[in-house]
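Keep the structure open while you read.

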Amino acid sequence: MPRITVTKTPKCYVGGAFIRSESGRVKALHDTKGEFFANIPLCTRKDLRNAVEAAAKAGPGWAKRTAYNRGQILYRLAEMLEARSAEMAAALSVSGSSAAEVPTAVDRLIHYAGWADKYEQMLGNVNPVASPHFNFTVTEPMGVVGVIAPSESPLLALVSLIAPVITSGNTVVALASDTAPYPSIILGEMLATSDLPGGVVNLLTSERKELIPTFATHAHLRAIVGVADAAEREAIRKGAADSVKRVRLRAKEEPVDWYSAKLHGLYEIRDTLEFKTTWHPIGA
Amino acid sequence: MPTATKSRPKSNRELIFGDLWEYDPAPETADPKLKSRYDLFINGQFVKPKRGKYMPSINPGNEVKLADIAVADQDDVNAAYAAAKKASDGVWGKMSGLERGKYIYRIARLLQDRAREFAVAETMDGGKPIKESRDFDVPMAAAHFFYHAGWADKLEYVAPGREVKPHGVVGQVIPWNFPLLMLAWKLAPALAMGNTIVIKPAETTSITALKLAEIFQEADLPPGVVNIVSGEGPTGAAVMNHPTASKVAFTGSTEVGKIIMRALAGTEKKMTMELGGKAANIVFDDAPLDQAVEGIINGIFFNQGHVCCAGSRLLVQESVADAVLEKLKRRITVLRVGDPLDKNTDVGAINSKEQWNRIDELVKSGVKEGADLHQSACKLPPKGYYYRPTLFSGVSMSHQIAREEIFGPVLSILTFRTVDEAVEKANNTAYGLSAGVWTDKGSRILKMSTELKAGVVWANTYNKFDPTSPFGGYKESGFGREGGRQGLLDYCKVV
């Protein structure tokens, strides 16, 4: 008689812990053959607010880590993903996504791991002002950033969107793919073992229409990045105006080649940075 | 804080001459070469507004009308955008960066040639002291053109590793506090990056913008590259909302910035917002107090306090609070308030009656909420919109005068005990444009500059600006930077 396997209960990774939705709601996930696979948490606005709180709490500590340390932690995350490639490939196959996403996602993490202690030298500078002052511009993370992942490329797009944001010391509340949420559950398990402090990345699974309005208006989210359709973009930008939130959205109508390395790097890190300029007199 | 009742320590004795030797008037007499009527500048020509509507521009220093200014309506704005689009597609977008740069250099040089004329015009139109328009606004405007001109042929260095392209046509709306300088801040980087422009100056201060259009003609700038549409709120809305603009840049209040963001939410227009501020100017007990007092005075009374980054919340460490207040009270009595054209004037006229009323309303709220008012007893001219330099001591974080941007010569003074409390109070605002720190301790400066959530931090100085130095805010003070390398990227697409 074959052994009965132990199935996993999918839980979202929030505040360094694995949670079910506070609402107790789930959505049944079926595999490509239409068979029941598992129940995925259907997170609510309250879950989102809790996640923002966790991200805000983790923020100052993460931003104060040295760039070298943040780089090593991102590298460690790549190690976790590489080592558990088969598991992630299986998670991707549940909803028919390509296993090829895994090595590219690993490579993307390595790419950003290397940027952690370099972007500042590319983006900040000393300014030659025409007065006796020492004047320099440095970057700072914005704070808590909302990430809206597209439906497609449930691992690669999610990683490509999150990595540049946390590289500079921001913390993230992300809404994973609505149609293929399972890889984000597994990614959460890898984040938990990657030395990334709890709360730096928080991954929620839910319906887009349920959470996007709260992403738009939550005043503690200082920026929103990701992929959205025209109606979602308008809703996010309208809500963002209330707290002058930064919005960097790709249009869902214009497909992105997530495999291409060309569109990922320094300027995606820059999207969630503030620039601070300090003046000091030069004198006795 | 009952400091008002304390007597001055004997060691601070000073000579008081009273009115014994009054300053003689020292008016700047250069001819501002004003026209009695200013038309719109569209497609390289001065054109009458289609509806024939004009608004008066008042000299706030004496309430005399200076000129009639054209009011652009939707049709005029459409014509301006059509000209900008044509110039973008036909000339400016195709021109080599080197050639584009030469035009911008010409503008810088021609403005320097006519600097005194522009300074007088700026002071008459806006009310700022001539020493500021002469020594700051106009030379700094020229410097912005000169700096950015040199970027025009170096676009490949703006975003190393990627290619940049101009947006095409840019729509811009600017405020009345630095009419010519804000115009330069907006135009110079946009032009250098290869964009063409439709810009609206503020309704009370359009004259120097339209005088600059004369320089564009002298510089032979191709028609349509810069189009200036004067007018009021509806003109500004038409400029921001026009479908031809692929990028808009706005400097003004946070309230209007949010309205623009909502109005453009359904479009893919790129935005830069330079909005309000309520900057903390923080004085520690080890600061050189006399220098700090000069910095505080400059921070709040520069340009009558009509400065988005004005140091309007003074945070003083408790142990030196009494001493700093005494010095400030004395210092405001010797500020010369009056005729903006007088070369000895420190504080000129409030830009408009409307703004004067808003300042006065907020000052009354400060008195009502229980803060202690200290005002200079100076004589004010009989005509014109003048406001006494004003200090409030005993202010708490909940007071309206500590939360809202006053945009006038009014300083709210609060105290703190520890570094952490200073940071907490400074950051406890929706704004995040600028901050000041005064201390002799280098490590504390660097700690404060790291902790303060503000786009510009002035340490042992205040209100310094430079074309090479990026300026712009955190939080509800807006996004995007103006000036420096960082400002350039807001005027091009990274592809």
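In which sense do β12(A) and strand β18 of chain B pair, and over how many bridges? The two strands pair in the parallel sense, over three bridges. One of the residue pairs is Thr278(A) with its bridge partner Val457(B) in β18(B). Bear in mind that this is a predicted model.

**Chain A against chain B**

- The contact involves 30 residues of chain A and 38 residues of chain B.
- On the chain A side, β6 (133-141), α9 (230-241), α10 (266-270) and β12 (273-281) each supply at least two residues.
- β12(A) gives the largest share of that side, with eight residues.
- By class, the chain A side that touches chain B has twelve nonpolar, eleven polar and seven charged residues.

- Ten strands make an open sheet with mixed pairing.
- Their order is β5(A)-β6(A)-β12(A)-β18(B)-β17(B)-β12(B)-β13(B)-β16(B)-β15(B)-β14(B).
- β5 (125-126) of chain A and β14 (372-375) of chain B stand at the edges. Each has a single partner strand, so one side of each is left without a neighbour in the sheet.
- Within chain B, strand β17 (residues 434-438) and β18(B) pair in the parallel sense over four bridges.
- Ser434(B) stands opposite Val456(B) of β18(B).
- Helix α10 (residues 318-333) of chain B packs on this sheet. The helix touches β12 (280-283), β13 (313-317), β14, β15 (390-393) and β16 (410-416) of chain B. Its direction makes about 135° with that of β13(B).
- Helix α11 (residues 353-368) of chain B lies across β14, β15 and β16 of chain B. Its run is at about 35° to β16(B).

**The five-strand sheet of chain A**

- Five strands of chain A form an open sheet in the order β9-β8-β7-β10-β11, with parallel pairing.
- The edge strands are β9 (201-204) and β11 (246-251) of chain A, and each pairs on one side only.
- From one strand to the next, the twist averages 15°.
- Strand β7 (residues 144-148) and strand β8 (residues 171-175) of chain A pair in the parallel sense over five bridges.
- Val144(A) has Thr171(A) as its bridge partner in β8(A).
- Helix α1 (residues 45-64) of chain A lies across β7, β8, β9 and β10 (221-228) of chain A. This helix runs at about 155° to β8(A).

**A helix pair in chain A**

- Helix α2 (residues 67-83) and helix α4 (residues 101-115) of chain A pack at an angle of about 170°. Their axes are 8 Å apart.
- An angle over 145 degrees counts as roughly antiparallel, and α2(A) and α4(A) are therefore roughly antiparallel to each other.
- The crossing of α2(A) and α4(A) is left-handed.
- α2(A) contributes residues including Leu74(A), Leu77(A) and Leu81(A) to the contact. From α4(A) come, among them, Val106(A), Leu109(A) and Ile110(A).
- The contact of α2(A) with α4(A) has twelve nonpolar, two polar and one charged residues.

**The domains of chain B**

- Chain B is divided into domain 1 (37-275 + 474-494) and domain 2 (277-459).
- The C-alpha centres of the two domains of chain B lie 30 Å apart.
- Domain 1 of chain B gives 20 residues to the contact, and domain 2 of chain B gives 26 residues.
- On the domain 1 side, α3 (115-126) and α4 (130-149) of chain B are the elements that give two or more residues.
- That side of domain 1 of chain B divides into six nonpolar, eight polar and six charged residues.

How values were computed:
Residues are numbered from 1 along each chain as its sequence is written. Chains are lettered from A and ligands numbered from 1 in the order in which they are written. This is a predicted model: local features need pLDDT of at least 70, side-chain atom pairs count only at pLDDT 80 or more; totals for chains, interfaces and linings use all residues. Two residues are in contact if their C-beta atoms, placed from the backbone, lie within 7 Å. Ala, Val, Leu, Ile, Met, Phe, Trp, Tyr, Cys and Pro count as nonpolar, Asp, Glu, Lys and Arg as charged, and the others, Gly among them, as polar. Two strands pair if DSSP finds at least two bridges between them. Axes are lines fitted to C-alpha atoms, for helices over the stretch in contact, and angles run from 0 to 180 degrees between N-to-C directions. Angles under 35 degrees count as roughly parallel, over 145 as roughly antiparallel, 65 to 115 as roughly perpendicular and the rest as oblique. A crossing is left-handed if the near helix is turned anticlockwise from the far one by less than a right angle, and right-handed if clockwise. Domain bounds come from an automatic or database domain assignment.
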